[in-house]
Amino acid sequence: MAVLRDRTALVTGGASGIGAAIAAAFTAEGARVIVADRHPVPGDASAIRLDVTDEASVSAAVAEAERRLGGLDVLVNSAGILTESPLAEMSAATWAETIAVDLTGVFLCCRYAVPGMIARGGGRIINIASQLGIKGGVGLAHYAAAKAGVIGLTKSLALEVARHGVLVNAIAPGPVETPMVDGITEDWKRAKRAELPLGRFGRPEEVAPTAVLLAADPGGNLYVGQTLGPNSGDVMP
Ligand SMILES: NC(=O)c1ccc[n+]([C@@H]2O[C@H](COP(=O)([O-])OP(=O)(O)OC[C@H]3O[C@@H](n4cnc5c(N)ncnc54)[C@H](O)[C@@H]3O)[C@@H](O)[C@H]2O)c1
C-alpha cells in the first residue's frame with residue numbers, strides 16, 4: 001500500500017545521504033517529490049537549486065515547488081553541514097556558518113512553507129535534528145547548539161500551527177553512514193561504534209521510514225512537536 005499516494009513533498013538536502021533516502025522512500029510510497037539542494041544531482045528533473053542560508057533562494061525554491069506540485073503537503077528539512085573544532089579554538093565564522101545552515105536554514109524553509117500549508121488546511125514538517133542536539137559532543141558545540149535549536153524551533157512551531165492542521169516534528173538520528181561522516185577518522189568511528197548498544201551506525205534507508213511514518217495518515221496524525229530517535233541506542237531521552 002502506498003501510504004503517501006499523491007502527497008507532495010519538498011526535501012532539502014535531498015541530493016545526498018538521509019535526505020536522498022527520504023526522497024526515495026517518499027517516491028516509493030507514491031508521493032511526488034522535489035529535491036532541493038545546494039548541489040543538485042545533475043540531470044534530475046525533479047531537482048531545484050537551493051541555498052538554505054539565503055532567504056531569497058528559499059523563498060524562490062518554496063514558490064517553485066508549490067507551483068510545480070500544486071502546493072506542498074510535506075517539507076523535510078535535511079540540508080546540513082558538520083565540522084569539528086574545540087570551542088576554545090573555533091572561529092566566529094565557523095560558528096556562524098553552522099548556525100546559518102543547520103538552524104537558520106530550517107527557520108527559513110519553515111517560514112516560507114508554512115503559509116501555503118495553512119492556506120491548504122494542513123501539512124507536515126519534518127526537521128532532521130541530531131542526537132547530538134540532546135547529548136552534545138566534543139568539538140561539536142556549534143553543531144549541537146544548532147541541532148538543539150532545531151528541536152526547540154520544532155516544538156514552538158508545532159504549538160503555533162497544530163490548530164491549522166500543520167504537524168511539525170523532528171527526527172534526531174544517531175550516527176548514519178553518509179558522506180557527512182565519511183571525513184571523520186576511522187579511530188573515532190571505531191570508538192563510536194563500540195559505544196553504541198547496537199554496535200553499528202545506521203544506514204540512511206533505516207532513517208527514512210521514520211520520516212514516512214511522520215508524513216503518513218494515519219501513522220503521523222498524533223505526533224506534534226516530537227523528536228523521534230532512530231539512533232542505534234545512542235540516546236534514550
Ligand atoms: N550522518 C549522520 O550521522 C547524521 C546524524 C544525525 C543527523 N544528521 C543530519 O541529517 C541531515 C542530513 O545529513 P547527511 O548525513 O545526509 O549529510 P550529507 O552531507 O550526505 O547531505 C547533506 C546535504 O545537504 C546539502 N546542503 C548543505 N548545505 C546546504 C545549503 N546551504 N543549502 C542547501 N543544501 C545544503 C548538501 O549539499 C548535501 O546534499 C543533516 O541535517 C545532518 O546534520 C546526520
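Q: Where does the ligand sit?
A: In this predicted model, the ligand is in the largest pocket.

Q: And which elements give two or more residues to the shell around the ligand?
A: Those are helix 1 (17-28), helix 5 (141-161) and helix 6 (179-182).

Q: OK, which one gives the largest share?
A: That's helix 6, with 3 residues in the shell around the ligand.

Q: What's the shell like by class?
A: Around the ligand you get 15 nonpolar, 9 polar and 4 charged residues.

Q: Which residues come nearest to the ligand?
A: There are 28 residues around the ligand, and the ones that come nearest are Ser16, Ile18, Asp37, Tyr143 and Thr178.

Q: Let's take Ser16. Which part of Ser16 lies 2.5 Å from the ligand, and which ligand atom is at the other end?
A: On the Ser16 end it's a polar side-chain atom, and on the ligand end an oxygen atom.

Q: What about Ile18, side chain or backbone?
A: Backbone: a polar backbone atom of Ile18 is 2.7 Å from an oxygen atom of the ligand.

Q: And how far is the polar backbone atom of Ser78 from a ligand oxygen atom?
A: For Ser78 that distance is 3.1 Å, again to an oxygen atom of the ligand.

Q: How much of the ligand does the protein bury?
A: The protein buries 94% of the 830 Å² that the ligand exposes when taken alone.

Q: Switching topic. Where's Gln131?
A: Gln131 is in the loop that runs between strand 5 (123-128) and helix 4 (132-135).

Q: Is Gln131 buried or exposed, and why?
A: Gln131 counts as buried because its relative accessible area is 4%, and the cut-off for buried is under 20%.

Q: Last one, Ala208. Which helix is that in?
A: Ala208 is in helix 8, which covers residues 204-215.

Q: Buried or exposed?
A: Buried, because the relative accessibility of Ala208 is 2%.

Methods. Residues are numbered from 1 along each chain as its sequence is written. This is a predicted model: local features need pLDDT of at least 70, side-chain atom pairs count only at pLDDT 80 or more; totals for chains, interfaces and linings use all residues. Side-chain values use heavy atoms; hydrogens and water are left out. A residue is near a molecule or strand if one of its heavy atoms lies within 4 Å of it. A polar contact is a pair of N or O atoms within 3.5 Å; within protein, one must be able to donate a hydrogen and the other to accept it, and residues adjacent in sequence count only if both atoms are side-chain atoms. Accessible areas come from the Shrake-Rupley method with a 1.4 Å probe; for residues, only the protein chains shown count as cover. On a 1 Å grid over the protein atoms alone, a cavity is a set of points where a 1.4 Å probe fits but cannot get out, and a pocket is an open set with protein on both sides within 12 Å along at least five of seven lines; lining residues have an atom within 4 Å of a point. A molecule sits in a cavity or pocket if more than half of its atoms lie within 2 Å of its grid points. Helices (H or I, at least four residues) and strands (E, at least two) are DSSP runs, numbered from the N terminus. Ala, Val, Leu, Ile, Met, Phe, Trp, Tyr, Cys and Pro count as nonpolar, Asp, Glu, Lys and Arg as charged, and the others, Gly among them, as polar. Buried means under 20% relative accessible area, exposed over 50%, partly exposed in between (1.4 Å probe, protein chains only).
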